[in-house]
Amino acid sequence: MYNREQAQEVFLRYAAQYDMENILIRHKVEHTIRVAELSGRYANALGMDGEDADFAWLLGLLHDIGRFEQARRYGTFVDSQSVDHAELSADLLFRDRLMNRFLKGGPAEEGLPGDGMTDDGPEAEGLPGDWRLIAETAIRLHNKLALPEMLDSRTRRFAEVLRDADKTDIFRVIASIPFEDRVGSSQASFTETEEASPEVMACVLEHRCVPSGIRHSRFEGHISHCCMAFELVFEVSRRTVQEEGWLRSLLAEKDTEGKQIWTDRQTEQIRVLRHEIEKWLVTSG
Ligand SMILES: [Fe+2]
């Protein structure tokens with residue numbers, strides 16, 4: 001259907017058409033390559049072999065393809081201020097047929113979506129029907145708070161592998177890249193508050209993700225990112241997150257120079273969060 005090397009080359013050529021001076025774009029290329037690698041690795045660990053592991057890898061490579069158009073059109077990665085990037089990724093791949101470029105024998109034309117792109121063959125040719133549906137579903141759902149109940153088990157498995165791989169690398173992105181370099185010049189409309197609200201802390205205590213509608217401050221945004229750990233499905237993902245250590249650094253009270261990062265009240269809440277996440281990571285296997 002495709003080979004990894006060729007698909008990665010197509011991806012890098014596609015990304016290179018965008019502004020590589022833009023730090024948002026460069027980080028997104030790195031994130032994508034990491035998510036592809038993690039997806040393939042998780043699939044192998046789960047006993048998905050051969051074609052399935054390759055396919056999981058491909059979904060990692062393509063899941064954020066819409067990020068490049070999002071940055072070009074809106075200058076931000078903040079979905080609430082622009083577009084749902086997962087929907088845009090799936091639309092570009094399956095409605096504008098960008099997917100065809102990544103499949104063996106698919107058209108190799110260059111060009112940006114909506115910019116004279118000429119992939120006008122049948123939709124996602126070379127991708128068997130059920131795989132096309134799995135790919136589109138997994139990519140569309142990769143950033144949603146939760147997966148819908150009615151997914152069949154095979155689609156769910158691919159969607160979960162992708163979501164776990166994505167979250168694993170998001171901890172690295174958040175811990176290692178300054179806020180402005182992650183979201184772009186159009187800032188999220190975050191206020192500064194002294195402490196996280198009872199609603200946000202209830203999510204922490206109940207071990208669930210924080211819905212976007214109830215997080216209003218930068219601190220609540222930070223808590224919400226850490227709470228993504230509660231949604232990790234597979235033991236291999238939770239182990240990888242612990243081994244990589246990025247989440248641990250997000251839960252730190254002090255910076256590398258030993259200075260307290262948060263106010264006293266926020267530090268207390270970070271302690272609660274860290275305790276809950278550590279407890280959960282250890283006991284949920
Ligand atoms: Fe994404």
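Colleague: Which residues coordinate the iron ion, and at what distances?

Modeller: Donors are N, O and S atoms within 2.8 Å of the metal (3.2 Å for Na, K and Ca), and since water is not among the atoms, sites may look incomplete. Here the iron ion is coordinated by Asp-64 through OD, His-85 through NE2 and His-142 through NE2, at 2.1 to 2.2 Å. Asp-64 sits in the loop between helix 3 and helix 4, while His-142 sits in the loop between helix 6 and helix 7, so the pair ties together parts that are 78 residues apart in sequence. This is a predicted model, in which local features need pLDDT of at least 70 and side-chain atom pairs count only at pLDDT 80 or more, whereas totals for chains, interfaces and linings use all residues. Residues are numbered from 1 along each chain as its sequence is written, and side-chain values use heavy atoms, with hydrogens and water left out.

Colleague: Is Asp-64 buried or exposed?

Modeller: Buried means under 20% relative accessible area, exposed over 50%, and partly exposed in between (1.4 Å probe, protein chains only). Asp-64 counts as buried because its relative accessibility is 3%, and His-142 counts as buried at 3% as well.

Colleague: Which residues touch the most other members of the largest nonpolar core?

Modeller: A nonpolar core is a set of buried Ala, Val, Leu, Ile, Met, Phe, Trp, Tyr and Cys residues joined through side-chain atoms within 4.5 Å. In the largest one, of 54 residues, they are Phe-55, Leu-58 and Phe-102. Apart from this core lies another, of 27 residues, including Val-204 and Leu-273.

Colleague: What does Leu-58 contact, leaving aside its neighbours within four places in sequence?

Modeller: Contact means heavy atoms within 4.5 Å, and Leu-58 meets Tyr-2, Ala-7, Met-99 and Phe-102 in this way.

Key:
Helices (H or I, at least four residues) and strands (E, at least two) are DSSP runs, numbered from the N terminus.
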